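Dear colleague,

Please find below the structure that I promised to pass on to you. A short account of the findings follows it.

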Amino acid sequence: MDFLNSLMDQLSTAYELLAAGWGLQLLWGIGWTLAVTAVSMMIGAMLGSLVAAAKLSQRGGLRFIGESYTTVFRGEPELLVIYLFYYGGTQILTGVARSTGSIGSTDILNMPSFLGGVLAVGIISGAYQAEVFRGSFLAIHRGELEAARAYGMSAWLRFRLVIMPQVLRLAVPGLGNVWQLTIKDSALISVTGVAELMLTANKAARSTHHSLLFYTVAGILYLVMTSISTPIFDKAERYTSRSFLRPK
Amino acid sequence: MDYNFYLSTMWSVLKALPLTLEIWFFGIAFGLIIATGLTWLRASGSKFGEYFTRAYVFVFRGSPLLVQLYLIYFGLSQFDFVRHSPILWPILRDPMYCTIVAMALNTAAYESEIFRGALRAVPVGQIEAAKAFGMSAFTRFRLVTLPIALRLALPAYSTEIILMTKATALASMVTIMEMMGTAQKIQHDTFRPIEVLTCAGVIYLLLNLSIARLFAWVEYLLSPHLRPAPEQSQQIKPVPEVL
Amino acid sequence: MTSSRWIALAAVALTCSTPALAKDWKTVTVAMEGSYAPWNQTDASGKIVGFEVDILNDVCARAKLECKIQAQDWDGVIPGLTAGKFDIVMDGMSITEERMKTIDFSIPYASSPVAFLADKNGPLAQMSNSGKMIDLSKDDAESKAALDTLRKELTGKNLGLQVSTTEATFADKYLKDVANVHEYKTTDEHDLDLMAGRLDVAFADTTYFLGTLAKPDAKDLEFVGPQFKGGPILGPGIGAAFRKTDKDLQDIYNKALKAALDDGSVSKYSMQWFKIDITK
């Protein structure tokens, strides 16, 4: 009975705190999280396809670069990569801009937190996406590529008509996994100050001393985000495979 | 090139390596125990077992490890009954144990899925043959299913273990001075973040490469049947005459 | 890439970057933690308010600057400042020689000694020298004796503090080998752990603890042991931080700050937020 009373108390405090403004801030946090994840995935897609191509190439040198990229960025702690890009990015930008005279020699070209964080997570997700794309490419039937070559298709035509559609279709499940992974990595961008969900939950927990409430709510919101993506990716998979599925 | 600085930084970070390895090892060990329990629960066929493990995997794979860590460390300590409990508090009091618990719970979710996939991938024919031999369920499990499943699970499991080394870096968010925390402290004191973090990055890279190499060796040891037979180079001795 | 491509890249980056290049100072970005009550704290609507916010608004009005406040975690303030992410840092930062190697400070607008907070019923409730203020800049027998007693009484105890603070440097110098020092990312975290019983004592600015004690769930906590101020580690006071290259901004700020100190505005804000005048 006592437990129920205290539970009701906790729930009403929770409601008060959330309604007072923290709830809205958490929702904004979700918005930022999704923005970070989306942009990171796009950067990762560009990098990942390049690296996958490098790993599949005939040239040993390119393969080595590709393998180093995936080994390093899947192996380093995400926190480290994010800090590196956040602090190092400004140094690089400043150096480049100063040497070309675009800015004065004592000026600083700032790396915005969002950009630095997104680049870091983008590069990390790129490493995972490279593996997905590479696996999808290897799963394409060899015969199709041979037939395309036999037709005299140029490399670009082969890519446009045979490779790309197939890779996109086969990569959807893997990319769904990477999307969920990237949502979770975005929580670490909280160290750069981007007002995404984790940072907002931290601020709320620390200033109100109600850690359990806010971390539980944050956890639930992350679960909502990752679970909503599952049916969306399932739909995408069915859509891209529509010529391969038997009618129900 | 400030070699002295790089070397002294790397040395300071390396001194924290035992702590990182401790977190990593116990996180994996307890994670394995929990994952085994979950897999057994799932394979037992009960409805409760299935729903519980599915919910568990959903929660622990769907939320970031950082949230889980903060919940366990800060969230649970809010409760009086946790603080006064003679069993829970000695564990939850220590940031080290909290991190290990969080990591174990998290990795168990991924590992139980790996094990589940490996169990399903055991060729049905082998199990049928074992049944035909009249093996009991336990013998079948011990002699057929388990060895094959372990071998099938090993690549994915080793990937998961390597990913755990990255997770140890999160311990720095709850006051533990493992490698990431040490690197951060040096960075604060010297205001040279890029150099310090690159040094730490090199050490993490070497750590991961060593672990990956170790697991590649274990896989090699466990799969003699997948390798080509050794050359029959030695002379075949003639059978001695038996009269 | 041709130089025109570099310029294009820089131009794109410029449009996304905060105005860290303004030489004629019209707008400045100021970094605050937003979770260091009552110096700066975030209210439920997300706005940052506090003692330093009031000072900043006053100074900016006097200096005819437009000041924007940006929340930044404590352990990123100095690197962020030198990297150009913001122009000023106001976050209860003590003026110390170590920090002055990298950044410049304004004239001090407050003094805040450091103190220990512990549970009333805990093992450290009876620490010696309770309530005494030890000035380390004197470096006399009294301060030495106080430090020795401190080291003895904190042996084996769990001490919590925030990373990268003067308290952390103090603990590194005097307490690292005797006490179990735990470094937290924020002050709230060590408060939470002190209340949970993971720590025997927390170590932070006196003024910060005044804010902590005002909260209802801190009713079992009290100040214990001596307070320390001054000396090379703790510094002469709290000031705003600037990049070394921004001497002109420092002049503008100091002029306005001096005016605010002289006519008592800062004391007024201090009374409002701390109930005591910490400019002395």
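What radius of gyration does chain A have, and what would a compact globule of 248 residues have? The model is a predicted one, and in it chain A has a radius of gyration of 23 Å, whereas a compact globule of 248 residues would be near 18 Å. The C-alpha trace of chain A spans about 75 × 65 × 25 Å along its principal axes.

Chain A contains eight helices and zero strands; read from the N terminus, its elements follow the order α-α-α-α-α-α-α-α. Of the 248 residues in chain A, 46% are buried. When contacts in chain A between residues at least 6 apart in sequence are considered, 77% of them join residues at least 24 apart.

I also wish to draw your attention to one strand of chain C. Strand 8 of chain C comprises residues 114-119, and five of its six residues are buried, so the strand is largely enclosed by the rest of the structure.

Which strands of chain C pair with strand 8? One of them is strand 12 of chain C (residues 201-205), which pairs with strand 8 in the antiparallel sense over five bridges. Within this pairing, Val114(C) stands opposite Asp205(C). Strand 13 of chain C (residues 221-229) also pairs with strand 8, in the antiparallel sense and over five bridges. Here Ala118(C) has Glu222(C) of strand 13 as its bridge partner.

Yours sincerely

Note on methods. Residues are numbered from 1 along each chain as its sequence is written. Chains are lettered from A and ligands numbered from 1 in the order in which they are written. This is a predicted model: local features need pLDDT of at least 70, side-chain atom pairs count only at pLDDT 80 or more; totals for chains, interfaces and linings use all residues. A residue is buried if 20 or more other C-beta atoms lie within 10 Å of its own, exposed if 12 or fewer, and partly exposed in between; C-beta atoms are placed from the backbone. Helices (H or I, at least four residues) and strands (E, at least two) are DSSP runs, numbered from the N terminus. Two strands pair if DSSP finds at least two bridges between them. The radius of gyration is taken over C-alpha atoms; the globule rule is 2.2 Å times the number of residues to the power 0.38. Two residues are in contact if their C-beta atoms, placed from the backbone, lie within 7 Å.
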